[in-house]
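Subject: Structure for you to look over

Hi,

Here is the structure I promised. My notes on helix packing and aromatic pairs follow it.

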Amino acid sequence: MTEALAYLLTLALFSFVIVASARLRHDMLLLACFPPVFVAMVMGFTMAIYAEDAFGIIPTGIAIGLGAPPAWWLGQRLKARDLLIAIYLAWAVALALALVALMFPDQV
């Protein structure tokens, strides 16, 4: 249960990072989103493959979908600087959760 929670929360936060970066309206600050988006795409893809196999496609799809609405909403409400701060905060939390999630032994 805790492994599923760690994986699915990480996927939701990675989804938030990707969608919020797409909603960023400032050209130069968009360049600062390259590292979080790259890591979110690569780690999110590999974690989604494992999560789909271990926990099912429906929970994985829901977790990925949960990150989009808050990112879309914050993209409209926040200024570009504040949205960038939210992106980096979500990325930092996602990386910490990914570290926890990857510590669990693989299911056989």
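Helices (H or I, at least four residues) are DSSP runs, numbered from the N terminus. This is a predicted model: local features need pLDDT of at least 70, side-chain atom pairs count only at pLDDT 80 or more, and totals for chains, interfaces and linings use all residues. Residues are numbered from 1 along each chain as its sequence is written, and side-chain values use heavy atoms, without hydrogens or water.

Aromatics

The whole structure holds four aromatic pairs (rings of Phe, Tyr and Trp, its six-membered ring, with centres within 6.5 Å; planes under 30 degrees apart are stacked, over 60 edge-to-face, the rest tilted). One of them joins Tyr 7 and Tyr 50: centres 5.0 Å apart, planes at 35°, so tilted. Tyr 7 lies in helix H1 and Tyr 50 in helix H3, so the pair ties together parts 43 residues apart in sequence. Both Tyr 7 and Tyr 50 are buried (under 20% relative accessible area; exposed is over 50%, partly exposed in between; 1.4 Å probe, protein chains only). Tyr 7, Tyr 50 and Phe 55 form one aromatic cluster.

Tyr 88 and Trp 91 pair edge-to-face, 5.5 Å centre to centre, with 85° between the planes. They sit three residues apart in helix H6 (residues 80-102), so about one helical turn separates them. Tyr 88 is partly exposed at 31% relative accessible area. Trp 91 is buried at 15%.

Packing

Where does H3 meet H4? The contact (heavy atoms within 4.5 Å) is made by Ala 48, Ala 51, Glu 52 and Phe 55 of H3 and Ile 57, Pro 59, Thr 60 and Ile 64 of H4.

Best wishes

Key. Helices (H or I, at least four residues) and strands (E, at least two) are DSSP runs, numbered from the N terminus.
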